[in-house]
Amino acid sequence: MIKHSSTHPPCTELHQVGGHAQLRQLSRMVSECSSLPKCTEEGAGPTVVSSGLPSLDRLLRYRGVRLGTLMEWLESDDESVASASGATTLALAVAVHLQTTNELAGCRPVVLVDRGRSFYPPSVMPWLEQSTHATSVKDSSSVRGRHSRGNVTTGREEHSLYIVYPANEADELWSIDQLLRCSGVAAVVGWPKNVSSTGMRRWQMAAKSSGTVGLLVRPSHARREPTWAEARIQVEPSPALQSRCQHVASCKTCNAGVQQPVSGRWIHSRAFTLMKVGGQWDTVAAVPEPSVACVLDLTSGKEHVGFHGTMEPPKCQGTIRCAS
Amino acid sequence: MPGNNTLRIMTISLPRWPVQRQILQQPGFREHPIFVCRQNARGVLSVVSWAWVMPPTNRKRSQPVIQPGFSLSEALAVLASVYGEWASRVARIIPEDSIGDVRVLETLGRWCHRFSPLVAIGPEAIRGADRGQSKRRGVCSARSLQVDISDTARFFGGESSLVRTVVWTLAARGIHARAAIADTPVASWAAALCAAQITAKSQHLLNGLQKLPRSIPRRSTLLKKGAIRGSHHGHWLDRQQRWVLVPPGRQRQSLKSLPLKSLQLPVNVIDSLAEVGVDSIGQLLRLPRVSLQERFGSIVPMQVSRFLGDVSDPITPLQGSEFLAASHSFEMPVLGRDMESTYFRTLIEKLVRRCLRPLVNANRGVSSLQVRLDANEGHGPTVIEVGLYKPTVQVEHLVDLVMLRLERTRLPREIADVSMEVMSAGTLPYRQQTLFHGPTQSDPSRFEVLLNRLVSRLGSGAVVEPRLLADIQPEAAWVAAPVVGVIGLSKSRRSAQLLGSSKARFSKPVVGPSRPIFLLPSPRLLDVPSLSADGLPARFRWEGQFHVVTRSRGPERIETAWWRGPTVRRDYYIFETDRGGRFWMFRGLRKQSWFLHGTYG
């Protein structure tokens with residue numbers, strides 16, 4: 001993957017060096033080389049990036065989110081809190097991180113496919129603004145001279161979040177498919193209820209072709225279905241851990257990037273237990289399922305990395321859980 | 001009949017356009033008093049336009065006098081004084097949407113191409129330009145269209161016939177308009193705006209030797225023909241005079257009695273002239289232009305010259321009126337089900353190429369496109385409009401979008417004619433050329449292509465950008481701005497308009513962890529069987545399951561201003577249950593009931 005940076009000579013100079021024919025030939029040769037199947041991941045740009053949640057990274061096979069894959073987020077087994085379990089919150093936190101991370105070239109938006117028309121943007125918009133601001137500051141001081149978020153080269157107005165409202169299930173499946181095929185999208189978040197194995201495979205191939213990450217929040221009963229997702233994470237709210245957050249401060253990122261406690265309101269954070277319950281074509285099997293605890297700072301969409309006060313840092317609980 | 005070299009401009013004035021537009025789009029509004037309002041910097045809503053098409057019929061009352069610029073509370077009080085308090089309760093209060101108004105006006109302008117190829121949007125009529133209304137200035141009360149009919153009137157049987165046709169045809173479509181024809185755009189606009197002030201006698205004089213219609217159509221006639229679907233007594237638009245014809249070269253004599261506001265002069269100039277007793281056009285025309293220039297600068301002499309036709313004053317045609325159109329007529333009608341065939345795709349491609357050819361040379365691209373499939377006689381045409389996120393000249397992409405729309409459209413059984421028209425065009429976005437294009441490199445244009453595809457299949461309102469608004473009521477704290485929707489307006493202008501409404505307010509948007517991930521479409525009443533000592537729910541039932549509250553945070557009182565209509569008074573709490581679920585609930589302060597409004601999904 002070729003990154004555009006200030007180290008590349010400007011086109012005008014190349015025009016002076018050689019003629020148009022040579023340039024076209026050179027361009028064609030580079031295109032051909034780039035289109036060859038990659039034998040190694042070195043030099044081809046990052047294929048695995050951090051999810052933004054260190055706990056989740058530890059749970060994932062490649063210690064991060066592999067680009068061009070799907071990730072399923074299962075809601076809680078407890079039906080009474082399924083829609084309030086926090087699976088969407090975590091999926092959005094990962095999506096926002098993918099949108100703003102420096103590991104990927106270009107500024108690509110996050111697109112939500114919300115058939116139920118119930119997503120409420122004011123809850124998440126501050127995450128995007130904070131991350132974008134932080135990234136812009138880094139960019140401006142970066143020696144690499146990467147393009148700013150304003151995307152001067154393209155002249156495109158910057159918007160980091162789009163919402164698609166499909167009217168029916170067919171439109172929803174089509175929209176997710178189309179979005180996953182587009183390399184101009186950082187992540188697609190959807191809430192598909194019923195999707196066949198064929199449809200999921202189609203999405204997986206679409207994501208693979210573009211490098212876009214699909215984050216699908218699904219009901220817990222989807223666990224019984226085979227999947228083409230790279231990872232399947234079940235999210236359970238953790239009341240026990242949450243109660244210990246009573247005195248844990250909400251954190252904000254200061255200029256130095258160190259998190260410090262600022263206030264003690266419990267609504268600013270939320271504790272979850274994340275369980276990996278199978279991946280690509282992993283059917284229900286009696287295999288140990290690792291789980292981790294994760295405390296998310298709801299003001300920034302980042303995970304609490306260090307804890308102050310009475311709570312200990314979250315670590316892998318080592319829970320062995322056999323699927324029934 | 002005017003000579004061939006005489007410029008003749010017809011102005012179609014659309015009084016109370018913001019309200020007319022709302023009623024056109026939502027006919028149910030006819031039964032309610034409608035107030036289109038704008039919020040000023042202090043947060044007070046002022047009336048931009050209002051109407052009540054079908055007021056109560058049991059008793060005869062005088063029409064309430066509500067002027068644009070009234071504060072909403074003032075207007076509701078006047079309404080209540082005439083019809084009773086219930087009338088103010090059933091009133092519909094709609095925020096001003098000037099972009100939507102312009103969009104529909106442009107559509108109407110394109111419809112007017114049947115009268116002339118040159119159609120322009122005329123200047124706004126600013127209410128408050130009258131003397132003594134300095135506090136209520138700046139409210140647009142009417143919009144207008146201007147049509148150059150210099151050489152086209154004869155095709156409609158003359159100017160008199162044409163102007164009548166325009167007014168009647170619009171009335172049949174539910175649009176109330178006044179029209180005037182004169183030599184210059186300014187004179188024509190003035191006559192149309194003040195048509196109601198021109199008496200039947202002067203109308204006769206104005207028409208000179210032209211054949212005058214015997215009588216203005218009576219209201220009963222219009223009702224019988226279905227042209228007016230209005231109130232049973234009185235009318236929400238005065239109908240003293242619907243059209244005016246100013247004979248060629250007679251605007252000085254004919255329009256001398258009109259007020260100065262019809263000359264499109266600044267309000268301060270009108271006030272200054274009124275102080276010295278100059279109130280009408282005739283009085284102004286008697287003053288020497290040199291002294292007017294010394295006193296008021298060049299604006300007054302310029303407007304006088306434009307009024308009299310002393311200077312050239314061309315109208316600026318609507319975008320998309322350059323006739324970038326192409327059509328194809330079949331020798332024999334083809335079946336609608338064949339529209340998805342390869343042949344039809346080739347035909348569409350051919351039409352697109354024909355439309356694009358002039359644009360490519362001018363470095364412009366298509367922003368919106370209209371495809372019209374005409375069936376046999378007796379069936380209406382099927383019209384498909386394709387809007388784009390950014391102007392483009394990619395033929396394949398445009399053909400894909402059209403075919404995508406056709407797949408979702410119910411086509412007529414037989415199609416006799418296919419025509420395509422570029423509705424709006426824009427300058428192609430500048431994109432820096434890159435030397436190499438790797439296959440995995442993210443390209444912004446791919447995302448734009450994707451947006452166009454999504455919009456084509458799902459509709460313009462289905463792909464949106466969320467934008468925060470500084471509104472305390474959760475339901476109104478954000479707005480979904482369609483990425484492709486307002487055709488003919490640039491995206492930056494749309495964004496500015498949307499954000500402008502929020503800048504006018506005081507508070508910042510409420511965002512962050514105190515807001516839920518999912519908001520229910522409407523609050524749901526909860527069953528709360530037990531309360532704690534502090535009056536908060538200890539348990540509640542939702543979706544058939546009981547939840548035990550372990551902790552809560554609140555209240556966050558949200559109370560909307562009384563002038564915004566039905567008052568919202570709520571105390572919001574965040575509840576966490578024993579199973580870890582987090583809910584956003586409120587207690588209504590009127591009935592003390594508990595509602596679920598959102599979940600932290």
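Reply: Chain B holds 17 helices and 22 strands. Helices (H or I, at least four residues) and strands (E, at least two) are DSSP runs, numbered from the N terminus. The model is predicted, so local features need pLDDT of at least 70 and side-chain atom pairs count only at pLDDT 80 or more, while totals for chains, interfaces and linings use all residues. Residues are numbered from 1 along each chain as its sequence is written, chains are lettered from A and ligands numbered from 1 in the order in which they are written, and side-chain values use heavy atoms, with hydrogens and water left out.

First, the chain as a whole. Of its 601 residues, 53% count as buried. Buried means under 20% relative accessible area, exposed over 50%, and partly exposed in between (1.4 Å probe, protein chains only). Among contacts in chain B between residues at least 6 apart in sequence, 67% join residues at least 24 apart. A contact here is heavy atoms within 4.5 Å.

Now the sheet. Seven strands of chain B form an open sheet, in the order 16-22-21-20-19-18-17. The pairing is antiparallel. Two strands pair if DSSP finds at least two bridges between them. Strand 16 (518-525) and strand 17 (527-531) of chain B stand at the edges. Each has a single partner strand, so one side of each is left without a neighbour in the sheet. From one strand to the next, the twist averages 35°. Axes for such angles are lines fitted to C-alpha atoms, for helices over the stretch in contact, and the angles run from 0 to 180 degrees between N-to-C directions.

Three bridges join strand 17 of chain B to strand 18 (residues 537-542) of chain B. These two strands run antiparallel. B:Ser530 has B:Arg539, in strand 18 of chain B, as its bridge partner.

Strand 19 (residues 545-559) of chain B contains B:Pro555. A cis peptide bond joins B:Gly554 and B:Pro555, with omega about 0°.

Next, the loop between strand 21 (582-588) and strand 22 (594-599) of chain B. B:Gln592 is placed in this loop. Its phi is near 60°, a positive value in a residue other than glycine. B:Gln592 is partly exposed, with a relative accessible area of 45%.

Aromatic rings come next. Ring pairs link B:Tyr572, B:Trp584, B:Phe586 and B:Phe595 into a cluster. Rings of Phe, Tyr and Trp (its six-membered ring) pair if their centres lie within 6.5 Å; planes under 30 degrees apart count as stacked, over 60 as edge-to-face and the rest as tilted. The rings of B:Phe586 and B:Phe595 have centres 5.0 Å apart and planes at 15°, so this pair is stacked. B:Phe586 is buried, at 4% relative accessible area. B:Phe595 counts as partly exposed, at 21% relative accessibility.

For context, a search of the whole structure finds 16 aromatic pairs over all chains. One of them joins B:Trp52 and B:Tyr83, with ring centres 4.7 Å apart and planes at 65°, so the pair is edge-to-face. B:Trp52 lies in the loop between strand 3 (45-51) and helix 2 (72-83) of chain B, and B:Tyr83 in helix 2 of chain B, 31 residues apart. Both B:Trp52 and B:Tyr83 are buried.
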